[in-house]
Structure formats: C-alpha cells, structure tokens
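Subject: A structure to look at

Dear colleague,

Here is the structure that I promised to pass on to you. Please open it beside this message and follow along as you read.

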Amino acid sequence: MSKKKNVLVAGANGSTGRIIIDLLKKSENHQPIAMVRKPEQKEHFEKENVTAVLADLEEDLNQAVKGADKVIFAAGSGGNKVVEVDQEGAKRLIDAAKNAGVEKFVMLSSMGAGKPEMSEELGDYLEAKGNADDYLQKSGLTYTIVRPGALTDDDGSGKIQLKKKLEKQESISRANVARTLVEVLDDDVKQNQIFEILDGETLIEKAVRD
C-alpha cells in the first residue's frame, strides 16, 4: 500500500477546517496536519491523534509547510483582517508551499471572488480572495480553486452542482464544501482549474471528475 500524503490544513480550527480534518482522518490516501495559531488548539488536535503545527498567517510560514505533500487553504479572517489574512496570508502560504515543493495547493475561495461589485458588504473580502486566487494561478504550483456560494451549517448531502460559472447565488453546506476540497486533492482531479459549487444533485466524487 502506498504511503499516505500529508495534507497541511490552514484554518484547521475553523468550522469548515474541522470537518476537513475529520474527513482526512478517514481518508485512505491522505492524512491531516492541522495548522493552528494557539497552543491550546494544537493540544486539542494532538489529543485526537492529529499532527498539528503552530503557525500564524501573518508571519513566516516556511516551517509550517515542512513535511507537507499538499495544502488546503481553508482559513478566513471572518472579515476582521481581510487583506492581512485572506489575501496576504494566503500569498505567504503559497510562497512557503512553493519553496517546500508541495505537489498541490487547494484554495477555498468564494463565489464572486475578484468581483467586489457583487456585494456591498463583502466587497473588500471578494477583492482579497480574488487577489489570492490570481497569485496562486501565477505561482507555478499545481492548484485547484473552489468557489462555493454562501456557507451554511446544514448537514452535508454529499451532492453538489459544479460549473466553471454558476448563474445563481445560492448556498452550500460547509460539509459539502469540505468534502469537495478533500476530493480534489487527488492528483488527477481538476488540475489547475477554478470552479463554483452549490448544493445540488450530483455526487461530489462524480461532480469533480466529470
């Protein structure tokens, strides 16, 4: 059996990040490394037998990426430090991943990223996310950029709709987003592509491979 790949999850302690960690714990091909900011969060994950690293997206991240084969960026500032975390923090992690020779970088973005005019209250956030996505595309890393609609805490149906561009503004459960992010980690899935997702009728495993 081939060795499991280490996946560094930035934002592991967030609502979506925790679901990603749980999915990776059960994965046959991947295992999680939780990237967290606080010692007590690190302890929490280590108690669950998850490797954890302390790192801050506003500081040097080269140490955090050591030993990671792939990266999922699922961190968010919650609107408090949009430029510092959602944009520059993502860029820092992209640079560190590149230095470390990471095989694939999966970005949790947002529908409307790069189009601040789409939302008055989220304009700064969408601009920051768009800038981070552009930076990843130009980085030379193999990437997948996933842009979900509004996130809900509903149970995951395991089914989504996926298109390069969906013509509607709807929602998607965090659980479905997390599963999509984990599903596209595979080497042959949606390489160097950007797409949007909402809750839908197609099984995630199928949707990301069609």
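Below is what was found in it, from the whole chain to two single residues.

This is a predicted model, in which local features need pLDDT of at least 70 and side-chain atom pairs count only at pLDDT 80 or more, while totals for chains, interfaces and linings use all residues. Residues are numbered from 1 along each chain as its sequence is written, and side-chain values use heavy atoms, with hydrogens and water left out.

The protein chain has seven helices and 11 strands, which are DSSP runs (H or I of at least four residues for helices, E of at least two for strands) numbered from the N terminus. Its radius of gyration, taken over C-alpha atoms, is 16 Å, close to the 17 Å that the globule rule (2.2 Å times the number of residues to the power 0.38) gives for 210 residues, so the chain is as compact as a globular protein of that length. Along its principal axes, the C-alpha trace spans about 40 × 35 × 30 Å.

Of the 210 residues, 50% are buried, where buried means under 20% relative accessible area, exposed over 50%, and partly exposed in between (1.4 Å probe, protein chains only).

Asn49 lies in the loop between helix H2 (39-47) and strand S3 (51-54) and is exposed, with a relative accessible area of 73%. Lys190, in the loop between helix H6 (174-183) and strand S10 (193-199), is buried, with a relative accessible area of 11%.
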